[in-house]
Amino acid sequence: MATNDDKWMLYLEHAVAAFRVRGAIPRGESHPGGWVSAQRRAARTGTLWMTPQRQMLLDANLPGWRESPALPQRGRTEITAALQDHLLRTGRLPRQNGGTADEQRLGAWLTAKRLAHHSGELDAELTAWLNANIPGWEGAGPRDTVWERTARELGDHVTKAGSWPNRRSSDADERRVATWLKNRRDDHHNARLGAERIALLDHLAPGWQAPVLSNPPSGL
């Protein structure tokens, strides 16, 4: 069975391969861009599984990985057009749980940028672009969606209890989070989970993909 270090090294190999092909650090929500983003966030927040050794490997193999990459002008123009079209048609910002795949994609992108902004991780240039083109994009504050709040509950449980939540627990909240985790594992198995959410779970509860574990691993 592959260890957490084995998986981490495999993901690093994917990122390095993409870096060599493209000549740039992988970015975006899809793998390996989402994985690199998760490593960047973990290094900035001092997450335990982002060890000095892993950071040294990233420094050696992906120079510049610590910096948030700027979105190319073409990408900004496409996103701007899509967001503005959505605003004109609906009169509101897109939602992650919207009724169409396009709205969900735009909503996920916007939520990721909003979270990065509220945590101080979004570069000034992209922040200025969003301020100029998407009024109200930053929201009223760092408000998590129900999905994100439950993901954080899962991470808190793992940190405090040292084990995954149990669906047979006498505690109603633990049963709720345990059921939520099972559903997310099913989503992941059936390729229904986006890269940004995978990266968030990897960050909050490393090893969450495993179907049966008595104790959580140390991290990816």
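A crossing of two helices is called right-handed if the near helix is turned clockwise from the far one by less than a right angle, and left-handed if the near helix is turned anticlockwise. In this predicted model, the crossing of H2 and H9 is right-handed, whereas the crossing of H1 and H2 is left-handed.

The protein chain contains nine helices and zero strands. Of its 220 residues, 43% count as buried.

## Helix H2 and its two partners

Two packed helices are described by the angle between their axes and the distance between the axes. Both values can be given for the pair formed by helix H1 (residues 4-22) and helix H2 (residues 33-45): the axes come within 9 Å and cross at roughly 115°. On the H1 side, the residues in contact are Trp 8, Tyr 11, Leu 12 and Ala 15; on the H2 side they are Trp 35, Val 36 and Gln 39. By class, this contact has six nonpolar residues, one polar residue and no charged residue.

The axes of H2 and H9 also come within 9 Å, and they cross at roughly 35°. Here H2 contributes Gly 34, Ala 38, Arg 41, Ala 42 and Thr 45, which meet Glu 196, Ala 199, Leu 200 and His 203 of H9. The residues of this contact comprise four nonpolar, three polar and two charged.

## Helix H9 within the structure

Is helix H9 largely enclosed or largely open to the outside? Seven of its 10 residues are buried, so H9 is largely enclosed by the rest of the structure. The buried residues are Ile 198, Ala 199, Leu 200, Leu 201, Asp 202, His 203 and Leu 204. Their cover includes H2, H7 and H8.

In soluble globular proteins, nonpolar side chains tend to be buried together. The largest nonpolar core of this model has 15 residues, and the members that touch the most others are Trp 147, Ala 151, Leu 154, Trp 164, Leu 201 and Trp 208. Helix H7 (146-161), helix H8 (172-189) and helix H9 (195-204) are the elements that give two or more residues to this core. A second, separate core has 13 residues, among them Val 16, Leu 58, Leu 62 and Trp 65.

Trp 65, a member of the second core, is found in the loop between helix H3 (52-61) and H4. Its relative accessible area is 1%, and because buried means under 20%, Trp 65 counts as buried. Trp 65 touches Ile 25, Gln 39, Arg 40, Ala 43, Gln 55, Leu 58 and Asp 59, leaving aside residues up to four places away in sequence. Although Trp 65 and Pro 26 are 39 residues apart along the chain, their C-alpha atoms are separated by 8.7 Å.

## Two buried histidines

His 86 lies in helix H4 (residues 73-90). With a relative accessibility of 3%, His 86 counts as buried. Apart from residues up to four places away in sequence, His 86 touches Gly 91, Arg 92, Leu 93, Pro 94 and Glu 103.

His 157 lies in helix H7. Its relative accessible area is 18%; this value falls under the 20% limit, so His 157 is buried. With residues up to four places away in sequence again left out, His 157 touches Gly 162, Ser 163, Trp 164, Pro 165 and Glu 174. Of these neighbours, Trp 164 is also one of the residues that touch the most other members of the largest nonpolar core.

## An exposed loop residue

Which residue has a positive phi although it is not a glycine? Ala 191 does, with a phi of about 60°. Ala 191 lies in the loop between H8 and H9. Its relative accessibility is 70%, and because exposed means over 50%, Ala 191 counts as exposed.

Conventions: Residues numbered from 1 in each chain as written. Predicted model: local features only at pLDDT ≥ 70, side-chain atom pairs only at ≥ 80, totals over all residues. Heavy atoms only, no water. Axes fitted to C-alpha atoms, helices over the stretch in contact; angles between N-to-C directions. Helix = DSSP H or I, 4+ residues; strand = E, 2+ residues; numbered from the N terminus. Contact = heavy atoms within 4.5 Å. Nonpolar A, V, L, I, M, F, W, Y, C, P; charged D, E, K, R; others polar. Core = buried A, V, L, I, M, F, W, Y, C linked by side-chain atoms within 4.5 Å. Buried < 20%, exposed > 50% of the residue type's maximum accessible area, 1.4 Å probe, protein only.
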